[in-house]
Amino acid sequence: KIIVIGNSSVSKTCLIRSYESGHFSPSYLSTIGMDYFKKKILVKNNKEVVLNLWDTAGQERYHSLTQNYLKGTDGLLICVSLDEREYIKQIKFWIEKIQEVIDESEIKILIVGTKSDLVSEQVCNTFTQSIETEFRNKYKCVITSAKKSKGVDHAFKEIANLIIHSKEELDDMDIQSTHSIKTTKVTKSKYKKKKKCC
């Protein structure tokens, strides 16, 4: 489950629709509440996964609705428009909203800079550097343009791979933990047998 969040008019719907259909349309209306899309993709090691994508409304009156849908989420795309100056402030606002509802360590977050077709390459580079500096490399970021289909596929594959990698690490931890418990039991069992023999 992947939710796309961000302020109104940062091109969230255009981003998802461009990814889903491969086409761009400037005439999308503002999302009312939530929209839902599904797409099957191949990620690393040719693993097939189904992305359940939730498009959220950015207007203030819908923020509580967005929070209700955060539970059970695997990944989040926080979208900010590259032609706006206060994108760091916006990102911090949405991260605070996320932290009010769920433990951030339970999900993967990707920062997405949208509308790169409206700004220079220097602005895009500054954005990437600002994210790395402000959040100390805690979050990865991707530059996109739904209009030019730039970085759109990469953004969704990136969040999918981050989620899969996180789940694989948890599986490895479970295996190691189980192995450790079994080893401990065997050791105690051997100790008891030796004690009886003596």
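Author: Happy to. Among contacts in the protein chain between residues at least 6 apart in sequence, 70% join residues at least 24 apart. Please keep in mind that this is a predicted model.

Reader: What makes up the secondary structure of the protein chain, and what pattern does it follow?

Author: There are five helices and six strands, and along the sequence they come in the pattern β-α-β-β-α-β-α-β-α-β-α. Of the 198 residues, 41% count as buried. The accessible surface is about 12000 Å², with 49% of it belonging to carbon and sulfur atoms.

Reader: Why is S11 called buried?

Author: Buried means under 20% relative accessible area. S11 has 15% relative accessibility, so S11 counts as buried. You will find S11 in the loop between β1 (2–6) and α1 (12–21). Leaving aside neighbours within four places in sequence, S11 is in contact with T114, K115 and A146.

Reader: How do you know that strand β4 is mostly covered?

Author: Seven of the seven residues of β4 (residues 75–81) are buried. In a regular strand, side chains alternate between the two faces of the sheet. Here G75, L77, C79 and S81 are buried on one side, and L76, I78 and V80 are buried on the other, so both faces of β4 are covered.

Reader: What makes β4 a partner of β1 and of β5?

Author: Two strands pair if at least two bridges are found between them. Five bridges join β1 to β4, and these strands run parallel. I5 stands opposite I78 in β4. Seven bridges join β4 to β5 (residues 108–114), again running parallel.

Reader: Why is the contact of K47 with E168 called a salt bridge?

Author: The rule asks for a side-chain nitrogen of Lys or Arg within 4 Å of a carboxyl oxygen of Asp or Glu. For K47 and E168 the closest N and O atoms are 3.2 Å apart, so the pair meets that rule. K47 lies in the loop between β2 (34–42) and β3 (48–56), and E168 in helix α5 (residues 152–197), so the pair ties together parts that are 121 residues apart in sequence. By this rule the count comes to five salt bridges.

Reader: And why are K47 and E168 called partly exposed?

Author: Partly exposed lies between the 20% cut-off for buried and the 50% cut-off for exposed. K47 has a relative accessible area of 36%, so K47 is partly exposed. E168 has 28%, so E168 is partly exposed.

Reader: How do you know that K92 forms a salt bridge with E134?

Author: Their closest N and O atoms are 2.6 Å apart, and the limit is 4 Å, so the pair counts as a salt bridge. K92 lies in helix α3 and E134 in helix α4 (residues 121–134), so the pair ties together parts that are 42 residues apart in sequence. K92 is partly exposed, at 37%, and E134 is partly exposed, at 38%.

Reader: What makes K140 and E158 a salt bridge, and is each residue buried or partly exposed?

Author: K140 lies in strand β6 (residues 140–143) and E158 in helix α5, so the pair ties together parts that are 18 residues apart in sequence. K140 has a relative accessible area of 46% and is partly exposed. E158 has 16% relative accessibility, so E158 counts as buried.

Reader: How many aromatic pairs are there, and why is the pair of Y19 and F156 given the name it has?

Author: The count comes to five aromatic pairs. Ring centres must lie within 6.5 Å, and planes under 30 degrees apart count as stacked. The rings of Y19 and F156 have centres 4.2 Å apart and planes at 15°, so the pair is stacked. Y19 lies in helix α1 and F156 in helix α5, so the pair ties together parts that are 137 residues apart in sequence. Both Y19 and F156 are buried.

Reader: Then what are the rings of Y36 and W54 called, and why?

Author: Their centres are 4.8 Å apart and their planes at 50°, so the pair is tilted. That angle is neither under 30 degrees nor over 60, so neither stacked nor edge-to-face applies. Y36 is in strand β2 and W54 in strand β3, 18 residues apart. Y36, at 39% relative accessibility, counts as partly exposed.

How values were computed
Residues are numbered from 1 along each chain as its sequence is written. This is a predicted model: local features need pLDDT of at least 70, side-chain atom pairs count only at pLDDT 80 or more; totals for chains, interfaces and linings use all residues. Side-chain values use heavy atoms; hydrogens and water are left out. Helices (H or I, at least four residues) and strands (E, at least two) are DSSP runs, numbered from the N terminus. Buried means under 20% relative accessible area, exposed over 50%, partly exposed in between (1.4 Å probe, protein chains only). Contact means heavy atoms within 4.5 Å. Accessible areas come from the Shrake-Rupley method with a 1.4 Å probe; for residues, only the protein chains shown count as cover. Rings of Phe, Tyr and Trp (its six-membered ring) pair if their centres lie within 6.5 Å; planes under 30 degrees apart count as stacked, over 60 as edge-to-face and the rest as tilted.
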